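The following note sets out points on the fold, the core and some local features, for reading beside the coordinates.

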Amino acid sequence: MRAALAEARKAEAAGEVPVGAVIVRGGQLLGAGHNSPIAARDPSAHAEINALRAAAQAAGNYRLEGATIYVTLEPCVMCAGALVHARLARLVFGARDLRFGGAGSKFQVADSELLNHRIALTEGVLGAECRDLIQSFFTLRR
């Protein structure tokens, strides 16, 4: 999660919402990413999507079975769906997203019994630090 927080700080430094993600499998970092929809002019350039793209390239496969993603903020519905499609084994996130969360806070996509793949969830890892980073970002802008 510390590596995901470092990615989130990169987003913050670029004026993006500070969310970071890293994907690990077998003790090896496969991919990392941070929010960049403003810079990329791409509404899908969330931290999770950027990390998925990097990890898939590194793995040579869009399926990332057995991998774990660490994200500072609970993934939105779009990102949770992408994690399911990539067949990640586990999602670890720091802070809940009570407005858009797709892993239980608002919607239940990541581990839905309605889908053909479910991701094991762990929440609250470095939660206070992840939450404080997001809250301070928005406090400065309001």
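**Note on the predicted model**

1. *Pairing of β1.* Strand β1 runs antiparallel to β2 (residues 28–34), to which 6 bridges join it. With β3 the sense is also antiparallel, over 4 bridges. A21 illustrates both pairings: its bridge partner in β2 is G33, and its bridge partner in β3 is V71. Further along the pairing with β2, V24 has L29 as its bridge partner.

2. *The β1–β2 hairpin.* The hairpin of β1 and β2 has 2 residues between the strands, and G26 takes a positive phi near 60° there.

3. *Nonpolar core.* Which residues of the largest nonpolar core touch the most other members? Of its 37 residues, these are I23, L52, L64, I69, L88 and L91. At least two residues of this core are supplied by each of α1 (2–13), β1 (20–25), α3 (47–59), β3 (68–73), α4 (77–85), β4 (90–95) and α5 (127–141). The largest share, 5 residues, comes from α3.

4. Leaving aside neighbours within four places in sequence, L88 is in contact with L52, L64, A67, T68, I69, L83, H117 and I119. L52, L64 and I69, among these contacts, are also listed with L88 among the core residues that touch the most other members.

5. R41, a residue other than glycine, has a positive phi near 50°. R41 is found in the loop between α2 (37–40) and α3. Is R41 buried or exposed? With a relative accessibility of 76%, R41 counts as exposed, because the cut-off for that class is over 50%.

6. *Positive phi at L126.* L126 also has a positive phi, near 50°, and is a residue other than glycine. Its place is in the loop between β5 (120–123) and α5. The relative accessible area of L126 is 29%, so this residue is partly exposed.

7. *Aromatic pair.* How many aromatic pairs are counted? The count comes to 1. The pair is formed by F137 and F138 and is edge-to-face, with 5.1 Å centre to centre and 85° between the planes. Are F137 and F138 buried, partly exposed or exposed? F137 is buried, its relative accessible area being 3%, whereas F138, at 28% relative accessibility, counts as partly exposed. The limit that separates these two classes is 20% relative accessible area.

Definitions and conventions. Residues are numbered from 1 along each chain as its sequence is written. This is a predicted model: local features need pLDDT of at least 70, side-chain atom pairs count only at pLDDT 80 or more; totals for chains, interfaces and linings use all residues. Side-chain values use heavy atoms; hydrogens and water are left out. A nonpolar core is a set of buried Ala, Val, Leu, Ile, Met, Phe, Trp, Tyr and Cys residues joined through side-chain atoms within 4.5 Å. Buried means under 20% relative accessible area, exposed over 50%, partly exposed in between (1.4 Å probe, protein chains only). Contact means heavy atoms within 4.5 Å. Two strands pair if DSSP finds at least two bridges between them. Rings of Phe, Tyr and Trp (its six-membered ring) pair if their centres lie within 6.5 Å; planes under 30 degrees apart count as stacked, over 60 as edge-to-face and the rest as tilted.
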